[in-house]
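Dear colleague,

I am passing on a structure for you to look through, and below it I have set out what was found inside. Please keep it open while you read.

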Amino acid sequence: MDAVLLQILNGLDKGSAYALIALGLTLIFGTLGVVNFAHGALFMIGAFCSVTLQRLLTLSVETVSETQKDFLGNPLKVKTPYVENWFGTETGQAIIDWSVPLAILFAIPVMLLIGFIMERGLIKHFYKRPHADQILVTFGLAIVLQEVVKYFYGANPIPTPAPEVFKGSFDFAPLFGLDTSLAYPYWRLVYFGFSTVIIAAVFAFLQFTTFGMVVRAGMADRETVGLLGIDIDRRFTIMFGIAAAVAGLAGVMYAPINSPNYHMGMDFLVLSFVVVVVGGMGSLPGAVLAGFLLGILESLASMNEIKNIIYGIDQIIIYVVAIVILLVRPRGLMGRRGVMEE
């Protein structure tokens, strides 16, 4: 029982990442009708925003220490981060320690700018082209972004630690009345909570703001909204930037869970597209529901007891579930009637 509960908890943080990436994918498909295979690269760039800020905050100046000496009694040259010189040792170390959460403030303008450039510079030229063309050009863009990151940061994963206060684990055993330990890392709980807040914020923005209401109307009937004199294309461009920011924030906070590497975007991309299709093309609630559902199922399938019965099931469980759901309900769990049912 404790093993099952632990895997469900593991599935929540993985499902959170799937849900956030799928949410951005669905926003882009629902507004622009574009199948964006570069969306996983945006998740990767978000993770490297954490790496970049950490490196910027640890830039150091070399000084001569009067208190530290070598074995000959000569003063040692030590490297001191600039932030410690500017804000003091204690405050500077705290800023470096909290580099991942602070990277949220760094990543938002970066991801918005990248999203706007992608949409205006490339993707807008493929609105009326077949989905196959969109997939090819955005997949090519993803490879280019991946190789650029590889060139500047190298091929190896880069450890990006969470703040010291969030290191360690929370024991859920007392909550469930279990005798054995059920430890779960604090940062994974933070990631789940963060994902929930971002998802709620996106839904609240679309549901309760005038901008969001116009966007939802444009998703349902773009031509009619345009005839009312509303520049719906401009609003959709902004939504593309927001979708890019959502993917980037998902990557920022995921960096301590999975050390950023240049191919992590591709690792999540295909699975996230499966999530979108299972949830229903264009359905935002469906993307979130399918993200958490498939994340939990993937974690449960990784249990040794299940893998011993069906070898390799953890590698294919998401695709098996997708096939079953689409055979029974081609439009996905919460897709609109007629979508993918022709």
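In what follows, Ala, Val, Leu, Ile, Met, Phe, Trp, Tyr, Cys and Pro count as nonpolar, Asp, Glu, Lys and Arg as charged, and the others, Gly among them, as polar. This is a predicted model, in which local features need pLDDT of at least 70 and side-chain atom pairs count only at pLDDT 80 or more, while totals for chains, interfaces and linings use all residues. Residues are numbered from 1 along each chain as its sequence is written, and side-chain values use heavy atoms, with hydrogens and water left out.

The structure holds two cavities of 30 Å³ or more (on a 1 Å grid over the protein atoms alone, a cavity is a set of points where a 1.4 Å probe fits but cannot get out, and its lining residues have an atom within 4 Å of a point; the points are joined across faces, edges and corners, and a volume is the space filled by probe spheres set on them).

The largest cavity has a volume of about 50 Å³, and the residues that line it include Phe37, Met44, Gln146, His263 and Leu269. Its lining has seven nonpolar, four polar and no charged residues, and at least two of the lining residues come from each of α2 (39-57), α6 (131-153) and α12 (264-279), where a helix is a DSSP run of H or I with at least four residues.

The second largest cavity, with a volume of about 40 Å³, has Leu25, Asn36 and Phe273 among its lining residues. Here α1 (2-32) and α12 each supply at least two residues, and the largest share, three residues, comes from α1. This lining divides into seven nonpolar, two polar and no charged residues.

With best wishes

How values were computed
1 Å grid on protein atoms, 1.4 Å probe; cavity = no way out; pocket = protein on both sides within 12 Å on 5 of 7 lines; lining within 4 Å.
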